Amino acid sequence: VVISVKATGGNATSPHQYGFLHEDINNSGDGGLYAELIRNRAFQSSSIFNSTLEGWTPINGAALSLKDLDEPLSKALKTSMNVAVSSSSVSKRNGSSSQVVGFANDGYWGMDVKIQPYTGSFWVRGEYEGSFTASLQSNLTSEVFGSTEIEAKTSSSEWVEHEFELTPTKDAPNSNNTFSLTFDAAGVKDGSLDFNLISLFPPTYKGRKNGLRIDLAEAIEGFYPTLLRIPGGNMLEGNNSNAWWDWKDTLGPLKDRPGFSGVWGYQQSNGLGLMEYLWLAEDMDLEIVLGVYNGLSLNGDIIPKDQLQSFVDDALDQIEFVSGDAATTKWGAVRAELGHPAPFKLQYVEVGNEDWLAGGDEGWETFKEYRFPMFLEAINAKYPHITVISSGSVFDGYEIPAPGAGDYHIYGTPDSLVDQFDLFDNVTIPHIIGEAAAVHPNGGLGWDAGLLEYPWWSGTIGEAVSMIGYERNADRIIGAAYAPIIRSLDRWQWAAVMIQFAADPAKTTLSTSWYLWELFAGHLMTHTLPASSDFNPLYYVTGKNEDKGTYLFKGAVFNATTDEVPVSLAFEGLRPGTEAELTILTGPEDPYGFNDPFTGVNVVKTVKEKVVSDEEGRFAFSMPDLSIAVLETKSA
Ligand code: AHR
């Protein structure tokens, strides 16, 4: 393929091309990116999920039960755990009277224990004289890796918070560990103590309080994302119109967060709230696409027109919380109190999620008729600089009113992703690709057969072709988000994700698609430049990065009829003898090969080499079938 790239005539490229959607699916929030180690730390419930003692076990015969006390820890956290000690709960060991009782928590399918400071806290109500012992130990051998004594300052008439730090003296050999809190039964005055909000954090990403798990945050940061879409996905819509993801419930002290009736089959803590997402965006320098609830929920509940205004007002408050001035706006002041006086940057607000889906025809029609227009008008009246994004695209049959933008989602086969290549060539309205991933094999049963369990190599190449297509149109494609981004190997609802994890960080696995995104996102263009040649089986985009002063080529070969596709590439005006770095990713022989968290085998082969242009200014290289390449010159 002979490619001659012109020096002018392309389009400016949006700087947010490569990003991700985060919502709490697959325990990617609680027990995942959110670093809290204690599962079910506050016995939260909702209209969908009851409070349970899941995760908790008694020690030495203590009796654990859930109680809704007359004076709960807070309005948000109504249920607590009562720990009763009786004479039978006092065990005798070694002939001496050991009165140690308490409870243990096995975390989110284990806990990673290392020689590092853990920060913990718990609330107690009830009279107790003595001290508490917080420990981390093996579930298999009971070996204690670290423990600390916390002097009790309890009271029978109020809840008292206890804080502690615990540094193990030994790394645990595996993640089959528990956290325990024990105390002397003899010191308990009235037979029992009540506990709530029992929390334990390892060190977090960037050291943030209530922060993120370091290895997962770094795995995300490692593919150089520039766009973050939050908080869903389906999470935003909620199970019904009384149970959508209300951002106000996610703010402030943990004891004021009631939790969320997650839409993926589990109660959620609200620990990973709006503020935590904003810190994440700031720490990774991500542009946010902020989802606002728009009156459609997953069960098809639709808010009628005459009741929608309060939701529009709520969205305006949410935008004010994120970006309002701390001195002059109510919600800006709240944000300042929570530690961020300066407004966060906010350019993109999305109204709802997949409105063409949950409510059937009525949902989609009401979206077009009044729900999107009401939000668009109100948001742009107050914030004219914000791009308001419809939760559907022009391909979902919506002539999106100006100055709105669209959102297009594609979960496809490799072939259907390759078909994306020119999909946006003639679309004039800006769009995000709010969710994208290869999830089904070609020629299979599609959604009827479920999703493939891991991103696989030919799926990744399909994604590469679609991304190249989006990047060619990046004056109108604001950015594309991989979704969903991470999955717990212990409980998941959606298989194909970019990063798999378990409690043990050694299981954290970067998928084949992660390597594609790392390569493409790590080589951003500021402008595309037109080129001469046709596409198929080589799909490519060419351009430049004016900030770095380089020329770029990104390409993918899909379904070539020869083993290798020779490429001859020249950039107009580039002098002969220019040096470039060429990176080529190839995969396993089996196009369905994947990166397996259980074997640790990485099937992606990365080869980097220096190439120099010949006397005609041409770079010559070849790409095998099912490969991806980036070439970036050292200078322009
Ligand atoms: O990414 C998983 C789900 O797929 C999202 O929550 C939803 O928007 C889409 O249907």
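In this predicted model, the shell around the ligand comprises 4 nonpolar, 4 polar and 3 charged residues. The residues around the ligand are E23, I25, G232, G233, N234, N353, E354, E435, A483, P484 and W494. Two domains supply at least three residues each to this shell: domain 1 (1–11 + 407–636) and domain 3 (226–404).

The chain as a whole is divided into domain 1 (1–11 + 407–636), domain 2 (56–201) and domain 3 (226–404). The centres of domain 1 and domain 3, taken over C-alpha atoms, are separated by 30 Å. Domain 1 gives 15 residues to the contact, and domain 3 gives 19 residues. On the side of domain 1 that touches domain 3, two or more residues come from each of β19 (406–412), β20 (431–438) and β21 (477–482). That side of domain 1 has 9 nonpolar residues, 5 polar and 1 charged.

An open sheet of 3 strands was also found, with mixed pairing. The strand order is β1-β28-β31. β1 (2–5) and β31 (618–624) stand at the edges; each has a single partner strand, so one side of each is left without a neighbour in the sheet. On average, neighbouring strands of this sheet are turned by 25° against each other, direction ignored. Strands of a sheet pair through backbone hydrogen bonds, either parallel or antiparallel. β1 and β28 (residues 564–571) run parallel and are joined by 4 bridges. Within this strand pair, I3 stands opposite L569 in β28.

Key: Residues are numbered from 1 along each chain as its sequence is written. This is a predicted model: local features need pLDDT of at least 70, side-chain atom pairs count only at pLDDT 80 or more; totals for chains, interfaces and linings use all residues. A residue is near a molecule or strand if its C-beta atom, placed from the backbone, lies within 6 Å of it. Ala, Val, Leu, Ile, Met, Phe, Trp, Tyr, Cys and Pro count as nonpolar, Asp, Glu, Lys and Arg as charged, and the others, Gly among them, as polar. Domain bounds come from an automatic or database domain assignment. Two strands pair if DSSP finds at least two bridges between them. Axes are lines fitted to C-alpha atoms, for helices over the stretch in contact, and angles run from 0 to 180 degrees between N-to-C directions. Two residues are in contact if their C-beta atoms, placed from the backbone, lie within 7 Å.
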